[in-house]
Amino acid sequence: MHAIGIDIGGTKIAGAVVDELGAIVRSERVPTPGDPALLEDAVVEMIRSLSAGEPTAAVGVAAAGFIDAAQSIVYYAPNIRWRNEPFREKLEARVGTTVVVDNDANAAGWAEFRFGAGRLVSDMVMLTIGTGVGGAIVAGDRLFRGGFGAGAELGHMRLVPNGIACGCGQHGCLEQYGSGRALLRMAGEIADAGGIGQALARTRDEHGALDGRRVGNLIAAEDPGATAALRQLGHWLGEASASLAAVLDPQRFVFGGGVAVAGDLLLDPIREAFLEHLPARGYHPEPDFVIAELVNDAGVVGAADLARVWVAEHA
Ligand SMILES: [Zn+2]
């Protein structure tokens, strides 16, 4: 039976009917309403439209934020005015199907584990390098959520003591050194320094600011300043991966998100820094580092499959 996956992003809601092999049968997308009541209406409308004419096993909803361990309540969402929102209950009452709610990075990681870059391993860590840094952990073939459901927030593990202030209220989180936003900061610093930063500085002068697309274009053109920024970013991600390997011992690290399109230009410095910082190097089995495969569909595919898993385990 098909399942439905809904991915609520900051700007759009994506939804799809997904089959048991992770293939998308049908999909829809609409802009994300700012008002929580209108957002709920939009999700209900999308579920009704996607499930029209055929039975569905369950609906999985993915959103950024802290979700409780029972996959029901959104404790906190950064992009939506939700605080302790019983989203599962509200949706189930309106659509009459089993609904489960999960963190968006968890959903993307699960999709990679089941159908993408992680499908041949039992233990995997995924880091999604977007504006921030999302994390997902699969351990022993299961998604790791933690005791309260708020685990695997890998973007907020501390990397630099007394480092840069983070939106979470702490200092020195990985997100401040390994995210798309961090890449732009590093690119700006290289532009300020002159030398290899000349093309970055020129781009910034022309357009008023550096953004992800323009820095990405310079990286693709192998501009020395932009690739140096990417190497800095990769170095921090590799250092963080070494700490994660000491704790979790995954067979594979998967990198997704907008910055991951750089491919080996990102992975090479990650591998280098990983080996430099790996405890007991030479005796510790070494995981591999790969780029995510599912890209834009990971959220909906993972949400749908997590809902299917929930139904199978609670039948
Ligand atoms: Zn933080």
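Predicted model: local features only at pLDDT ≥ 70, side-chain atom pairs only at ≥ 80, totals over all residues.
Reader: Thanks! What does it take for two strands to pair, and what is a strand?

Author: In general, strands of a sheet pair through backbone hydrogen bonds, in either a parallel or an antiparallel way. Here, two strands pair if DSSP finds at least two bridges between them. Helices (H or I, at least four residues) and strands (E, at least two) are DSSP runs numbered from the N terminus. Now the case at hand: β9 and β12 run parallel and are joined by five bridges. On β10, Met124 has Val138 opposite.

Reader: How do β9 and β10 pair?

Author: They are antiparallel, with six bridges between β9 (residues 124-129) and β10 (residues 133-139). These two strands make a hairpin with three residues between them, and Ile129 has Val133 of β10 as its bridge partner.

Reader: In what order do the strands of that sheet come?

Author: The order is β11-β10-β9-β12-β13, five strands in an open sheet with mixed pairing. β11 (142-143) and β13 (288-291) are at its edges; each has a single partner strand, so one side of each has no neighbour in the sheet.

Reader: Is β9 mostly covered or mostly open?

Author: Let's set the rule before the answer. A residue is buried if 20 or more other C-beta atoms lie within 10 Å of its own, exposed if 12 or fewer do, and partly exposed in between, with C-beta atoms placed from the backbone. By that rule, six of the six residues in β9 are buried, and the strand is mostly covered. Met124, Met126 and Thr128 point one way, while Val125, Leu127 and Ile129 point the other way.

Reader: Which helix lies across these strands?

Author: That is helix α8 (residues 224-248), which lies across β9, β10 and β12 (252-256) at about 155° to β9. For such angles, axes are lines fitted to C-alpha atoms, for helices over the stretch in contact, and the angle runs from 0 to 180 degrees between N-to-C directions.

Reader: What describes a pair of packed helices?

Author: For α7 (residues 212-220) and α8, the angle is about 105° and the axes are 7 Å apart. Angles under 35 degrees count as roughly parallel, over 145 as roughly antiparallel, 65 to 115 as roughly perpendicular and the rest as oblique. The two helices are therefore roughly perpendicular to each other. Val215, Leu218 and Ile219 of α7 meet Ala226, Thr227 and Leu230 of α8. By class, that contact has five nonpolar residues, one polar and no charged ones. Ala, Val, Leu, Ile, Met, Phe, Trp, Tyr, Cys and Pro count as nonpolar, Asp, Glu, Lys and Arg as charged, and the others, Gly among them, as polar. Contact itself requires C-beta atoms, placed from the backbone, within 7 Å.

Reader: And what is the order of strands in the sheet that includes β1?

Author: The order is β3-β2-β1-β4-β8, an open sheet of five strands with mixed pairing. At the edges, β3 (24-31) and β8 (99-103) each pair on one side only. The average twist is 15° from one strand to the next. Helix α1 (residues 36-51) packs on this sheet, touching β1, β2 (12-18), β3 and β4, and its direction makes about 155° with that of β1.

Reader: Finally, how many helices and strands does the chain have?

Author: The chain has 10 helices and 13 strands. Of its 315 residues, 47% are buried.

How values were computed: Residues numbered from 1 in each chain as written. Contact = placed C-beta atoms within 7 Å.
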